[in-house]
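Reader: I would like to learn how to read a protein model step by step. Could you take me through this one slowly?

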Amino acid sequence: MLNPAFCACLLYSFIDEYETENLNETENLKELELPLLYLVLPLVLHKETRGTVNSRVHFLVWAKSHPECITSFAKRASAFVDITNEAIEFLLRSSSAFISDTGTIKVRKNVALRSIKKYTDREIKDCILKSRNIARWFARSGSAETIYAILGVRP
């Protein structure tokens, strides 16, 4: 699960869904802030937390309903910094993502990376789906500072 290619796939799914969600939100169009990427893997790859993620529930409501997920989050997030860096580097080197003129990360639309049908392992599919759920949460939840504060961490 900590393979840089797999983690890059999770980040790709997150960024792709975040961009899609923003296209649907014409009033509040905002670009993905790079620090948000450092929150994805600690949420998705922690099995207990992943099991509670549900994009039908507002992010703040989820955070208040699951203090057990928030309590240990700062330590997990810190442990995932190097893994997230490797995944971001993998995305950039493979040309699956690029840094825009405004300094934000964007993905190139890649049919192979967008499709989860090719995966047969249920846990892998679940991780990808949850990374998309988290993207919807973050796209609707304000700034990176707000999201970091809800999770009890600092960028």
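**Reading the model**

Author: Let us begin with lysine 125, which has its place in helix H9; helices (H or I, at least four residues) and strands (E, at least two) are DSSP runs, numbered from the N terminus. This is a predicted model, in which local features need pLDDT of at least 70 and side-chain atom pairs count only at pLDDT 80 or more, while totals for chains, interfaces and linings use all residues. Residues are numbered from 1 along each chain as its sequence is written, and side-chain values use heavy atoms, with hydrogens and water left out.

Reader: What is the relative accessible area of lysine 125?

Author: Buried means under 20% relative accessible area, exposed over 50%, and partly exposed in between (1.4 Å probe, protein chains only). Lysine 125 has a value of 29%, so it is partly exposed. Although lysine 125 and leucine 10 are 115 residues apart in sequence, their C-alpha atoms are 10.0 Å apart in space.

Reader: Is arginine 50 buried or exposed?

Author: Arginine 50, which lies in helix H3 (residues 47-50), is buried because its relative accessible area is 3%. Contact means heavy atoms within 4.5 Å, and, leaving aside neighbours within four places in sequence, arginine 50 is in contact with residues including Glu123, Asp126, Cys127 and Lys130.

Reader: Which residues of helix H10 are buried?

Author: An α-helix has 3.6 residues a turn, so residues three or four places apart point the same way. In helix H10 (residues 144-151), the buried residues are Ala144, Ile147, Tyr148 and Leu151. Seen down the axis of H10, these buried residues fall within an arc of 100° (taken from the directions from the helix axis to the C-beta atoms), so they line one face of the helix. Glu145 and Ala149, on the other side of H10, are exposed. The buried residues of H10 are covered by elements including helix H2 (37-44), helix H4 (59-65) and helix H9 (122-139). Just after H10, glycine 152 takes a positive phi of about 75°.

Reader: How many aromatic pairs does the structure hold?

Author: A pair of aromatic rings is described by the distance of the centres and the angle of the planes. Rings of Phe, Tyr and Trp (its six-membered ring) pair if their centres lie within 6.5 Å; planes under 30 degrees apart count as stacked, over 60 as edge-to-face and the rest as tilted. The structure holds six such pairs. One of them, phenylalanine 59 with tryptophan 62, is stacked, at 6.1 Å centre to centre and 15° between the planes. Both residues lie in helix H4, three residues apart, or about one turn of the helix, and both phenylalanine 59 and tryptophan 62 are buried. Tryptophan 62 also forms a tilted pair with tryptophan 137, at 4.9 Å centre to centre and 40° between the planes. Because tryptophan 62 lies in helix H4 and tryptophan 137 in helix H9, this pair ties together parts that are 75 residues apart in sequence.

Reader: Where in the chain is confidence lowest?

Author: The predictor's confidence in each residue is its pLDDT, from 0 to 100, and where pLDDT is low, the predicted coordinates should not be read in detail. The chain averages a pLDDT of 87, and 88% of the residues score at least 70. Confidence is lowest in helix H8 (residues 111-114), at a mean of 56, and highest in H2, at 96.
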